[in-house]
Amino acid sequence: MAKASDKAARTSVWLEGKAHRRRGGGQPSGLDRARIIEVTVRLLDAEGLARFSMRRLAGELNVTAMSVYWYVDTKDDLLELALDEVMGEMRLPDPDADEDWRDQVRALAREYRTLLVRHPWVSALVGVFLNIGPHNLAFSRAVQRVVRRTGLPAKRLTSTISAVFQFVYGYGTLEGHLSARAKAGGMTVDEYFQQALSTVTAAPQAADVIQESQEIMAARGGDTVAEMMERDFEFALELLIAGIEAMVDRE
């Protein structure tokens, strides 16, 4: 029986030299790692993390499960590779460009939010792996270099990064869950939201809170859930940027 310490020893496909490794002869024809990762991402987007399996992947590829293992050792290795693959979808600003750091923070935050909503399974994996693939490292490097340009001292940079990007992570995760639930119910996000609101409104114990919430939502404006969430996100992001500016002045 494997000890707990043995299980903890496996840290990352990128550290163990397996990210780019190819096995010897005998690989199935018409299959490669890029194709496997592509289909993995597509299945995760369509069916979610809970339903994903190597057997399901093999069926989609029209090969046996053992054929997939010619290219990846474990399911975790494949998920880690898929995670870094989609991280490469983000358009990163050039920290050395003659551009205001505020605009670059906005750009990074918006790209990260879009990624989390487009791929709801990403948020569940971000804290599972070390995330040291090339695309994630490029994102982390861009974030650090942009935040350095705010003028805050080095001792404040990690807190600043956390404030902005943990907010984006939480916002994008919830938004992605909402989209996934609506899709699972065969509804649009607006239809799901109205159904959920009607259900909660019917609960007597929630009447006061719902009434107050509806007043706040009416004041916010927006005809669709997408519009409401966009307005909330942008204003919250501006609050964070204003907070950074205030802390720069204080420092």
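Predicted model: local features only at pLDDT ≥ 70, side-chain atom pairs only at ≥ 80, totals over all residues.

Reader: Which element gives the most to the lining of the largest pocket?

Author: The largest pocket holds about 420 Å³ of space, and its lining is made up of 18 residues, with Leu44, Glu47, Gly48, Pro120 and Ala180 lying nearest its centre. Two or more residues of that lining come from each of α2 (33-47), α6 (101-118) and α9 (157-184). With five residues, the element that gives the most is α9.

Reader: How many charged residues are in the lining of the second largest pocket?

Author: The second largest pocket has a volume of about 330 Å³, and among the 15 residues that line it, Tyr112, Phe139, Ser140, Ile161 and Phe165 lie nearest its centre. The elements that give two or more residues to this lining are α5 (75-87), α8 (134-148) and α9. Whereas the lining of the largest pocket has ten nonpolar, three polar and five charged residues, that of the second largest pocket has nine nonpolar and six polar residues, and the number of charged ones is none.

Reader: How are α2 and α5 oriented to each other, roughly parallel or roughly perpendicular?

Author: Two packed helices are described by the angle between their axes and by the distance between those axes. For α2 and α5 the axes are 9 Å apart and the angle is about 80°. Angles of 65 to 115 degrees count as roughly perpendicular, and therefore the orientation of α2 and α5 is roughly perpendicular.

Reader: Where α2 meets α5, how many of the residues in the contact are nonpolar?

Author: From α2 the contact takes Arg33, Ile36, Ile37, Thr40, Val41 and Leu44, and these meet Leu78, Leu79, Leu81, Ala82, Glu85 and Val86 of α5. By class, the contact of α2 with α5 has one polar and two charged residues, and the number of nonpolar ones is nine.

Reader: Is His119 buried or exposed?

Author: His119 is found in the loop between α6 and α7 (122-126). Beyond its neighbours within four places in sequence, His119 is in contact with Val41, Asp45, Val86 and Glu89; of these, Val41 in α2 and Val86 in α5 also take part in the contact between those two helices. Because buried means under 20% relative accessible area, and His119 has a relative accessibility of 3%, His119 counts as buried.

Terms used: Residues numbered from 1 in each chain as written. Heavy atoms only, no water. 1 Å grid on protein atoms, 1.4 Å probe; cavity = no way out; pocket = protein on both sides within 12 Å on 5 of 7 lines; lining within 4 Å. Points joined across faces, edges and corners; volume = space filled by probe spheres on them. Helix = DSSP H or I, 4+ residues; strand = E, 2+ residues; numbered from the N terminus. Nonpolar A, V, L, I, M, F, W, Y, C, P; charged D, E, K, R; others polar. Axes fitted to C-alpha atoms, helices over the stretch in contact; angles between N-to-C directions. Parallel < 35°, antiparallel > 145°, perpendicular 65-115°, else oblique. Contact = heavy atoms within 4.5 Å. Buried < 20%, exposed > 50% of the residue type's maximum accessible area, 1.4 Å probe, protein only.
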